Amino acid sequence: MNIKAMTAVAVVLLAPTFAYADADDDTMVLNEDISMVTKTAAPAHLSDALDEVMSGWHFRSDETQAMQLDDFDNPGMIFVEKGMETWAKVDGSEGKSCQSCHDDIDSMAGVKATYPKWNEAAGEVRTLQMQMNDCRENQMGAKAWGYDKGAAINMEAALSSVSRGMPVNVATDGPAQSTWEMGKELYYARTGQLELSCANCHEDSYGLMIRADHLSQGQINGFPTYRLKNAKLNGVHSRFKGCVRDTRAETYKPGSKEFVALEMYVASRGNGLSVEGPSVRN
């Protein structure tokens with residue numbers, strides 16, 4: 001067998017297999033109090049691709065869904081509590097905590113819903129973790145946290161938790177548009193030995209089973225998310241890294257300009273869905 005034929009066989013063996021399974025029509029009410037928007041009309045920029053956007057919650061089992069409905073059952077809330085402890089903790093040469101400038105963490109309600117977004121002073125699009133580290137370095141005189149690492153992901157989860165139920169509203173115009181366009185290009189680019197794009201799974205094939213898992217639309221309104229698979233809180237850049245790696249391609253690093261752009265584009269695909277993080281997923 002020649003090299004070309006051997007490569008073709010390898011690709012076939014590695015390629016994902018699909019079976020049909022649909023999203024459910026369940027309703028999410030968090031803590032028997034907050035009604036969450038988990039299905040809504042697709043934003044205008046998706047009108048040629050999707051009519052409706054849906055939270056990944058609809059593609060999970062009843063048991064996994066139930067874990068997210070009550071904070072006492074949601075294992076991700078342990079990390080939220082750690083983030084809230086850090087919020088009030090003084091760190092760095094300036095003798096400040098997050099609370100020193102922003103008061104109680106509830107004052108940050110709605111912030112998570114708008115990120116990533118353009119930062120005029122910095123002249124760049126920033127993710128929430130980038131902005132957190134800017135505050136640490138320039139306001140607190142503290143060391144930056146590692147991207148998607150313990151303290152950073154805990155704080156992002158805490159900030160997300162106070163925005164739950166609020167609609168994702170990521171701006172895609174103005175000076176941020178070029179970054180958004182870069183993210184869109186990455187979303188539709190086929191990569192790796194399997195020649196798969198984000199869109200192949202999450203736009204063309206959502207609702208199908210890929211091996212033992214149920215493909216969602218890949219919405220990120222639930223991040224950070226607690227994954228039962230690895231029993232920890234996961235950031236969206238780490239999830240991007242895993243997806244790219246699964247196409248058998250070289251991947252980017254969390255915090256890279258590529259993943260910042262991709263996060264902005266993917267977040268905007270979920271505009272109108274409620275912020276859910278920390279969510280619970282497989």
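**View 1. Arginine 269 and its salt-bridge partner in the predicted model.** Arginine 269 counts as buried, at 2% relative accessibility. In this predicted model, the side chain of arginine 269 meets that of glutamate 203 in a salt bridge, with a distance of 2.8 Å from N to O. Arginine 269 belongs to helix α10 (residues 257-269), whereas glutamate 203 lies in the loop between α8 (198-202) and β8 (208-210), so the pair ties together parts of the chain that are 66 residues apart in sequence. Glutamate 203 also counts as buried, with a relative accessibility of 14%.

**View 2. A network of salt bridges formed by Glu124, Arg126 and Asp134**. In total, the structure holds 8 salt bridges.

**View 3. The salt bridge between aspartate 71 and arginine 164**. The closest N and O atoms of aspartate 71 and arginine 164 are 2.9 Å apart. This pair links distant parts of the chain, since aspartate 71 is found in the loop between α2 (62-69) and α3 and arginine 164 in the loop between α6 and α7 (177-188), 93 residues apart. Arginine 164 has a relative accessibility of 13% and therefore counts as buried, the cut-off being under 20%.

**View 4. The salt bridge between aspartate 25 and lysine 39**. In this pair the closest N and O atoms lie 2.7 Å from each other. Aspartate 25 is exposed, with a relative accessible area of 67%, while lysine 39, with a relative accessible area of 25%, is partly exposed.

**View 5. The buried residues of helix α3 (residues 77-87)**. Within this helix, Met77, Phe79, Val80, Gly83 and Trp87 are buried. Because these residues cover an arc of only 150° around the axis, they are placed on the same side of α3. The elements against which the buried residues of α3 pack are α4 (98-102) and α6 (150-161), together with β10 (225-227) and β11 (232-234).

Methods:
Residues are numbered from 1 along each chain as its sequence is written. This is a predicted model: local features need pLDDT of at least 70, side-chain atom pairs count only at pLDDT 80 or more; totals for chains, interfaces and linings use all residues. Side-chain values use heavy atoms; hydrogens and water are left out. Buried means under 20% relative accessible area, exposed over 50%, partly exposed in between (1.4 Å probe, protein chains only). Helices (H or I, at least four residues) and strands (E, at least two) are DSSP runs, numbered from the N terminus. The arc is that of the directions from the helix axis to the C-beta atoms. Contact means heavy atoms within 4.5 Å. A salt bridge is a side-chain nitrogen of Lys or Arg within 4 Å of a carboxyl oxygen of Asp or Glu.
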